[in-house]
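Please open the model in your viewer and keep the sequence panel beside it.

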Amino acid sequence: MSKDKAVPTSKFSRALRFGSLAGRVASNVAYGGLKSMVTGQNKSTKELVLNSKNIEQLAQQLAHLRGAAMKLGQLLSMDAGELLSPELSALLSRLRNKATPMPHKQLTQTLKQQWGAHWLDGLANFELRPFAAASIGQVHRAYTDSGTKLAVKVQYPGVAKSIESDVDNVVRLLKLTGLLPKGLDIDELIAEAKAQLLNEADYTLEAHYMNQYQEKLGPSSHFVVPKAQSELCTEQILAMEFVEGEAIEQALTCTQEERNRLVMHLLTLFMHELFDFRLMQTDPNFANYLYQRDTGRIVLLDFGATRAISESISRGYWRLIEGAITGERGVMAHAARDIGYFSDDVDKAYEQNVLDIFALACEPLTADGEYDFASSDLAARIKQKGLAMSSREQQWHSPPVDALFIHRKLAGLFLIAAKLQARVNVNDIFNEQRKSSGVS
């Protein structure tokens, strides 16, 4: 784990960090430009901006700021897809799991602020060293006086209050450095990122979503959702029962049958979320899943990124999948319009490119029998299609935000399936959903 670093808590101190970072980037560019002139290399401004030293400093400082700075990077890296430069994609991918814990003094100040001066009352032990640290908070083990083992997520101080200004500063910085394509309109995504981050920073809301999932899943034999300890939960502290399990990627050592079954359950849950629950945990980070080898159950963690799915979006995706399975492009196009992907006057070439990508994404559903995720080059083919679209800047179009989060979840599940080298009959899962679902 990285060395402890205090989280800048005020908007002013965080803005200074961004300003200082921009200054250092500019200084590196000036120095690099002079050096390239002396050596006769004559590098472009973009090459100077995107040198390894600047990328490293950007990654370090955004990770140090945590909160919106990291989370926006995660959203952009998952959602803006192939419209981003390779350099920015590389930078943002490093932010998905990189965070530094706050010092003990700052941690105890936060605990006192949230739980009161006698914050240890009722606890037999609280481990000051976190066992996990992410973009918005870090997680500690604790034990109640009765011996119950807890996982306690403590939010970094100042994160919630700085979300709007942090997002604006990150976007300004990425534009200044030329890392965001000039023609890419991400205004709607930025506005939604702010709203999503505000929700994720409210731990009482996350506890509510945890309770909803427990309700909807019931006494599931396939999934475990930790129980929130409501008496200890605040807007900035989420206390829950500690559930044992191993990192989901460790299931790679399980039998092929076990791995297939694990991925089948995850994809089935995705179908339920989209068509039955109309509620989806949209962060498919590997760290948000654990596997209990002895019971075969999957532990679901981190419900901060949970989103409600509208009936129209749900029905639109049902028709989109049906159209992909039957090969009816007209049905797919109509469904995509209903979802909000394009209007009736959309450029036809752009429409066909989008439908091609949809058809590719539905390939596991249309496969005859088991789909072998490990040997599939599906991700590479989707990437190639995306790159072809990104070369036509006049066609760039910001998809509906809900769709971006749904695709983010599905893409993450496909990555897990590939990592576990699973072979799953996805069409069977959809047919089972068709039997049980009221969507038609």
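Is Thr282 buried or exposed? Select Thr282 to begin: its relative accessible area is 1%, so Thr282 is buried, where buried means under 20% relative accessible area, exposed over 50%, and partly exposed in between, with a 1.4 Å probe and protein chains only. What you are viewing is a predicted model, in which local features need pLDDT of at least 70 and side-chain atom pairs count only at pLDDT 80 or more, while totals for chains, interfaces and linings use all residues. Residues are numbered from 1 along each chain as its sequence is written, and side-chain values use heavy atoms, with hydrogens and water left out.

Staying with Thr282, note that this residue sits in the loop between S8 and strand S9 (289–292); helices (H or I, at least four residues) and strands (E, at least two) are DSSP runs, numbered from the N terminus. Now display its partners: once neighbours within four places in sequence are set aside, Thr282 is in contact with Ala305, Arg307, Phe405, Arg408 and Lys409, contact meaning heavy atoms within 4.5 Å.

**Zooming out**

Show the whole protein as a cartoon, in which 17 helices and 13 strands can be counted. Of the 440 residues in the protein, 50% are buried.

**Helix H10 and the residue after it**

Next select H10, which has 22 residues and reaches 30 Å from its first C-alpha to its last, close to the 32 Å expected at 1.5 Å a residue; the expected span is 1.5 Å times one less than the number of residues. Following H10 is Arg278, with a positive phi near 50 degrees, although Arg278 is not a glycine. Arg278 belongs to the loop between H10 and strand S8 (279–281), and its relative accessible area of 26% makes it partly exposed.

Asp302 is placed in the loop between strand S10 (297–300) and strand S11 (306–308), and at 27% relative accessibility Asp302 counts as partly exposed.

**The cavity**

How many cavities of 30 Å³ or more are there? The count comes to one, a cavity being a set of points, on a 1 Å grid over the protein atoms alone, where a 1.4 Å probe fits but cannot get out, with lining residues having an atom within 4 Å of a point. The volume of the largest cavity is about 80 Å³, where grid points are joined across faces, edges and corners and a volume is the space filled by probe spheres set on the points.

To see the lining, select Tyr213, Leu266, Leu269, Glu273, Gln281, Asn288, Tyr289, Leu300, Leu301, Phe303, Lys409 and Leu413. H10 and H16 are the elements that give two or more residues to this lining, and the largest share, three residues, comes from H10. Lys409, one of the lining residues, is also among the contacts of Thr282.

**Helix H11**

Move on to helix H11 (residues 311–326), whose 16 residues reach 23 Å from the first C-alpha to the last, close to the 22 Å expected at 1.5 Å a residue. Colour its buried residues, which are Ile313, Ser314, Gly316, Tyr317, Trp318, Leu320, Ile321, Gly323 and Ala324. An α-helix has 3.6 residues a turn, so residues three or four places apart point the same way. Among the elements that cover the buried residues of H11 are helix H10 (256–277), helix H12 (329–339), helix H13 (348–361) and helix H16 (401–419). After H11 comes Gly327, with a positive phi near 75 degrees.

**Last selections**

Select Asn199, in helix H8 (residues 187–200), which is partly exposed at 34% relative accessibility. The C-alpha atoms of Asn199 and Arg307 are separated by 9.5 Å, although the two residues are 108 residues apart along the chain.

Finally, pick the cysteines Cys233, buried at 15% relative accessibility, and Cys362, buried at 8%. A search of the whole structure finds zero disulfides, a disulfide being a pair of cysteine sulfur atoms within 2.5 Å.

Technical notes
1 Å grid on protein atoms, 1.4 Å probe; cavity = no way out; pocket = protein on both sides within 12 Å on 5 of 7 lines; lining within 4 Å.
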